[in-house]
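Student: Please show me the structure, and then we can go through the contacts one at a time.

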Amino acid sequence: MNATKIEIEQLTKQYENAATPVIENLNMTIQEGEFIVIVGPSGCGKSTTMRMIAGIETITSGFLKIDGHIVNHLPAKDRDIAMVFQSYALYPHMTVFDNMAFGLKIRKHKKEVIQNKVHEAAELLGLMPYLKRKPKDLSGGQRQRVALGRAIVRNSPIFLMDEPLSNLDAKLRNQMRVELLNLHRSLKTTTIYVTHDQTEAMTMADRIIVLKDGQVQQIGTPEEIYRQPANLFVGTFLGSPQMNTMPITLKKRTVYLNEIAIAQLANDINSGRYQIGVRPEDWLIVETGIPLTITHTELLGADLHIHGNFEHHTIILRCDGKSTYTIGGVIHIMPKHLQLFNEQEQNIYVKLLGE
Amino acid sequence: MKQFVLKSMPRTIIVMLLSVVMIFPLIWMLLSALKTADEIFAIPLTWLPAIPQWDNFANALKLAPFGLYIWNSIFTAIIIVFFQVLFAAMLAYALTQFTFKGKKLLFQSILLTYMLPAAATYVPSYVIISKMGLLDSLAGIIISNSISVFAIFILRQAFMQIPTELLDAARSDGASDFVILTKIMMPMSKSTIFTVVLISFVQMYNNYLWPSLIVKSEENFLITVGLNRFFTTQGTFAEQWPLIMAANVMTVAPLLLLFLILQKWFMKGISDNGLKG
């Protein structure tokens, strides 16, 4: 259907009394029909970015272009952007039908058109039996659907979703996640989705934008973000359990962890002190390597997470759920893949010998 | 349970006594409206009229157009309340939704005018009304009363209770300020607005001093002014007292009726000051 390209150039938001900007020099281009997820810890400016796009927050400097037109000063009501809020923001004095029809009524659509569109969306979201109810008589999941429905009926070229699933319980969240994706596949609306939930980010996004302190850390596909994190922050922010990080010394392409040689780099990198990051699934259990004293194991069905100590380092590795290990026992491990971060915590993108 | 009853006994008795003191004049007025003059001044007091004098009402109406007075009062009160709510809603919207220089100062100065004794504003207001050529007209009464600081304050409080996300949602749904005010904020503050309407209406209906300064000709009299005039002209004659009482009953009747119908809302208005959203 209709989808729109969004370009953001040098976008900055600074509140009057704040020392540092909430968002600084944000640049990105969102393609037509793309599903973009913005992730980051709370206070990183992800919601602010979204609100600037929606037009409910003013832009301090930079440009926001929708379909090539600068819309910095276009009021929210004229941007034709549908937004889903974390609190759902349903109008409590209106029925489900009226909630969904509100945007259309304002735009003075014909009664039959409104009726058709609302019924179509209600059908899609399974809300037909509830059209006459008020929001207070609905469950969380139903309210969430109404909020979505309100966005869908508008037929806007852009959807903005601000943590729309965070108020739902885990099961419902998984279900709604799939429904949202199906919806996006059928509507092909350009979507920007803000979340702090990394599962949502990894599973839903065409591309992920990782924000921290108002600065873009990395923009890329979920795989790029996971496999090739631009820096230490991105590496540790996405992935569960977290990426293991530890300081190492590099001498002639050999990685030493507390005097133990744990890996040979394929790339020629200056010797010195670095940090490495190893994903829990990137450890190999071997005959001789890092001796790890097992402190704790967690069986998650298919996977087993092993927590262990080596000197003062805590390491987590993930292995097959069928294997068993005794707590207090010692296993030897070696990384089969790692990230090497320099002093500025930037990734140097190395490969191991034989990788 | 028994202990509780015993403990609350003195309080209950005091409240009951106070209620009797409060309601006695009203009952006395109702009864007196049906008595003859002799019965009103009889010693010892007679409670019930020997024969209810229903003619008192008709006779009172013959002496002064109370119907017109009551109509004037209700008419002006309704229009005044309409404008008060309209202006208060718009001002409260600006005070809660817009950011502009001097917003705080504006609100503070609005509150400041509330602190001024009303009598202090009579002279300047009178001069303004007179320069506008609105002396001795209902329009003068309406215009001079059409802004209520109380309504502004209460509505502002109610509007502040509405979650910002809801208004953001309305904005991205394409709603203009006017639509947000009339379709979202006012319906959501329904109970507060209703309370304001009731309180303001009663206040305006009972308003005496200021209207009595403005209106001079009888056809513009509000009921409060008309009643006072009736009392001062007829009150010297003892035999007219039943008629005065009848006029009083007619004056109070609309409010009593309103109170009986909307009792629940009056109580609510008093108990939560209309601050609930």
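Tutor: We start with a pair of charged side chains: A:Arg318 forms a salt bridge with A:Glu281, the closest N and O atoms being 3.8 Å apart. A salt bridge here is a side-chain nitrogen of Lys or Arg within 4 Å of a carboxyl oxygen of Asp or Glu. The model is predicted: local features need pLDDT of at least 70, side-chain atom pairs count only at pLDDT 80 or more, and totals for chains, interfaces and linings use all residues. Residues are numbered from 1 along each chain as its sequence is written, chains are lettered from A and ligands numbered from 1 in the order in which they are written, and side-chain values use heavy atoms, with hydrogens and water left out.

Student: How many residues apart in sequence are the parts that A:Arg318 and A:Glu281 tie together?

Tutor: A:Arg318 lies in strand β18 (residues 313-320) of chain A, and A:Glu281 lies in the loop between β14 and β15 of chain A. Strands (E, at least two residues) and helices (H or I, at least four) are DSSP runs, numbered from the N terminus. The pair therefore ties together parts whose separation in sequence is 37 residues.

Student: Is A:Asp282 buried or exposed?

Tutor: A:Asp282 is found in the loop between β14 (272-278) and β15 (283-286) of chain A. Not counting residues up to four places away in sequence, A:Asp282 touches A:Arg227, A:Met334, A:Pro335, A:Lys336 and A:His337, where contact means heavy atoms within 4.5 Å. Buried means under 20% relative accessible area, exposed over 50%, and partly exposed in between (1.4 Å probe, protein chains only). A:Asp282 has a relative accessible area of 4%, so the answer is buried.

Student: Which residues are joined into one network by salt bridges that share partners?

Tutor: Side chains of opposite charge can pair when their charged atoms come close. One such pair is B:Asp168 and A:Arg51, whose side chains meet in a salt bridge (3.0 Å, N to O). The network made through shared partners consists of A:Lys13, A:Arg51, A:Glu57, B:Asp168 and B:Arg171.

Student: How many salt bridges does the rule find across the interface of chain A and chain B?

Tutor: A search of the whole structure finds 18 salt bridges over all chains. Among them is the pair A:Asp98 and A:Lys105 (3.0 Å, N to O). Across the interface of chain A and chain B, the number found is 3.

Student: What is the area buried between chain A and chain B?

Tutor: The size of an interface is often given as the accessible area lost when the parts come together. Buried area is the accessible area (1.4 Å probe) that two parts lose on being put together, summed over both. In this model 21 residues of chain A are in contact with 16 residues of chain B. Carbon and sulfur atoms give 62% of the buried area, which is about 1,600 Å².

Student: What percentage of the residues in chain A is buried?

Tutor: The secondary structure of chain A comes to 8 helices and 20 strands. Its C-alpha atoms fill a box of roughly 75 × 45 × 35 Å, taken along the principal axes. Of the 355 residues in chain A, the buried share is 52%.
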